[in-house]
Amino acid sequence: MHRNFRKWIFYVFLCFGVLYVKLGALSSVVALGANIICNKIPGLAPRQRAICQSRPDAIIVIGEGAQMGIDECQHQFRFGRWNCSALGEKTVFGQELRVGSREAAFTYAITAAGVAHAVTAACSQGNLSNCGCDREKQGYYNQAEGWKWGGCSADVRYGIDFSRRFVDAREIKKNARRLMNLHNNEAGRKVLEDRMKLECKCHGVSGSCTTKTCWTTLPKFREVGHLLKEKYNAAVQVEVVRASRLRQPTFLRIKQLRSYQKPMETDLVYIEKSPNYCEEDAATGSVGTQGRLCNRTSPGADGCDTMCCGRGYNTHQYTKVWQCNCKFHWCCFVKCNTCSERTEVFTCK
Amino acid sequence: MGVGRSARGRGGAASGVLLALAAALLAAGSASEYDYVSFQSDIGSYQSGRFYTKPPQCVDIPVDLRLCHNVGYKKMVLPNLLEHETMAEVKQQASSWVPLLNKNCHMGTQVFLCSLFAPVCLDRPIYPCRWLCEAVRDSCEPVMQFFGFYWPEMLKCDKFPEGDVCIAMTPPNTTEASKPQGTTVCPPCDNELKSEAIIEHLCASEFALRMKIKEVKKENGDKKIVPKKKKPLKLGPIKKKELKRLVLFLKNGADCPCHQLDNLSHNFLIMGRKVKSQYLLTAIHKWDKKNKEFKNFMKRMKNHECPTFQSVFK
C-alpha cells in the first residue's frame, strides 16, 4: 500500500530522468514521452490524464502533494484503528475507500489540500512554469500598519484552482458519493486558504523594525492536518436531495435535521457510518488492526485493549539506541555519547 | 527572500535533481517498521521558517562579509538562522553590526552574532547559548543606545538554548576578564581611523555630511552640535529644507569626552541617523586630507556601493 505508492513515485521520477537524459530538448518527442508516462499512471480519470499530458511538469508536484496528504493523514490517525490505510483499487491518491464514511471524508479533504499546498509551494520556488509569486502583492505599501509588501507572496489561489481542476476531475459518476467527495475536496482547500499567514522581516539598521517587509506564506501542512482532524471529529452526516424528477442528486442536506439545511463549506461530510476497522474486510476496504503497534498501558484509542479489539497482543523486545549528552566544541563539532536501553513494543494479535 | 523562477536547464541538471529525489524517496521507503530515530533525527532540520524555503547549503564565508570572515571557521549555512535567504541579504543586514563589533563591548560579540548570521556548517542548526546572548546584550546594548538602537527582536535571548548543545567560545563558568575602568569615550567619537572602518560606518549610517561646527552645547543630557557649513555626502532621511536648520545630537553624551570636538576649527566628516525627530551623530572624523587613511577613504567612497535591501529582492 504505502510502499507501492513510493515505488510508483520512484518509477515516475526515473522515467522523467531517463526522458530528460535521452531525449533532450526535442519538444515533440518530449510531448510523446509525457503521453506515454501519463497513460501508465494508474487510476487517472480521462480529464486528469489530459491535464497530465498538457502539464507534465506539474504531475510530479501533484504526486508529491498527494503523498504529503497521505503522510499527514497517517500521522493524524497513527493512534487509531484506522490509520489511513485501505484495501481496494489503487490510484494516484492512494486506495479509494469504498464506504462513504468520515474517514473517506478526511482522506479526500487532506489530499486536495496537499495538492494545493504543493502546487503553491512549487510556484513560489519557481519550480513550475506559468506561475510564480503573487504579483498583486508586489511593492504595495500598507499605510496603516507601516510595512511594505515584498518578497514572494505565495499565490495560493493558483494552487487551489489547479487542485480543483485536477483532483475534482476524478469525480465522474453522478451520484451521492460524487457530491460528498467534491464537498470534502473543497473543504480541504478552504481550510488551507483560511490559514494563509502574513510573515514579516525587519530589515532596518541593526535589525530594527524601522523598515519592514511582509509577504503571505503557506501554513505548515501539519497545521492543516490538525484542523481537518478537528473537522473530522465534528463531521456531519448528510444525504442527497433530488430537486426534480430527474434522478440526479443535486445537493446535500444535513441528515439529522428536518429542514433542508446545507452543511457549511468547511464541514467534512459523510453519507455512511464507519465500519469498526477491527478486521480485514474487502467489502468495506478495512485493513484490520492485526500487527499494529499499540500501547499496553494506555486507556485511549492507541491502547492495546481498544486497538486490538479484544483479541490480545504480542510482545517484542529490542534494544533502543540513541545519541545523548551532546555538546558543541569550538570550533566546530558536536560530540555525543551513545545511550541504549532494553525495551519492548506490543503488536495486536 | 530572493525566491524566483530558476532558469532550469534540461538534461543533466534536471535528471540529476530528479534522480536524487527518487533516491531519497527510495531510501525513505525502505525504512523498516522498527527504525527508531536517534538524536540526530530528533531535532528538526534547518527549516525553521517557511517549510518550502530553499534547502540549506554550505557556502564559503565571503571576504566581504566583514562581520564574520575572520570568526574562526570558513564555511556557513545559507539560509542562515535569521532566515536571510541570499548572501546579498546576509551582507546587507550584517553590515550594520560591524560598527558595533569595532566597539569591543564584549569579547563574545562576534561569535554570538556570527552563530546566527553565518552559522557553522553542521548536520543540524546550533544556536548560541542563552548566557552568551545575555552577556553580549548586557554589555553592548548600552553602547547601542548611544546610537539610538535597542536590542532587536530578532536577537531576543529567550529563544536561545540553555542546554549543552549551543555555541559559546568560552566555557560558561569562566569569569569574564573585566575591562579597565578608564574614562569612557563617547562611542561615536571612539573610532579607528581606517578607511575600511569608515566605509562600514558610512554604510551603516543613514546620512553623512562634511561640515564645520559653530558650537557645542549641553542639552538634556546630550551634546548638541550646531553646524556652520554643511555639504551632504549622503542625505538619507534629511530633506533639503531641513538641511539648513539641521542640529545634531550626541545621545547621552553630555559628559563623555570627544576629542574630535576639542578643536572646532576643522572640517569634519559627520555620520548619523534620524531617530524620531532627532538627528543623532553615529561617527565623527576630522576631515584630514593629509591623513593617508582618510585620503584612501575619500577615494574608495566614490566607487563603493553599500548593500541595499531592495537589491536583495530583485
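In this predicted model, C294(A) is buried, its relative accessible area being 10%, and C304(A) is likewise classed as buried, with a relative accessible area of 2%. The two residues are joined by a disulfide in which the sulfur atoms lie 2.2 Å apart, and the link of C294(A) and C304(A) is right-handed, with 90 degrees about the S-S bond. This pair connects distant parts of the chain, since C294(A) belongs to strand β8 (residues 293-294) of chain A and C304(A) to helix α9 (residues 304-307) of chain A, 10 residues apart.

A further disulfide of chain A is formed by C326(A) and C336(A), with an S to S distance of 2.2 Å, and the angle of 110 degrees about the S-S bond makes this link right-handed. Here strand β9 (residues 313-329) of chain A, which holds C326(A), is tied to strand β10 (residues 333-348) of chain A, which holds C336(A), the two cysteines being 10 residues apart. C326(A) counts as buried because its relative accessibility is 4%, under the limit of 20%, whereas C336(A), at 22%, counts as partly exposed.

In chain B, a disulfide joins C129(B) to C166(B), with the sulfur atoms at 2.1 Å, and this link is right-handed with 85 degrees about the S-S bond. C129(B) lies in the loop between α5 (109-117) and α6 (130-146) of chain B, while C166(B) lies in the loop between α6 and α7 (195-204), 37 residues apart. Both C129(B) and C166(B) are buried. Over all chains, the count of disulfides comes to 18.

Technical notes
Residues numbered from 1 in each chain as written. Chains lettered and ligands numbered in written order. Predicted model: local features only at pLDDT ≥ 70, side-chain atom pairs only at ≥ 80, totals over all residues. Heavy atoms only, no water. Disulfide = S-S within 2.5 Å. Helix = DSSP H or I, 4+ residues; strand = E, 2+ residues; numbered from the N terminus. Buried < 20%, exposed > 50% of the residue type's maximum accessible area, 1.4 Å probe, protein only.
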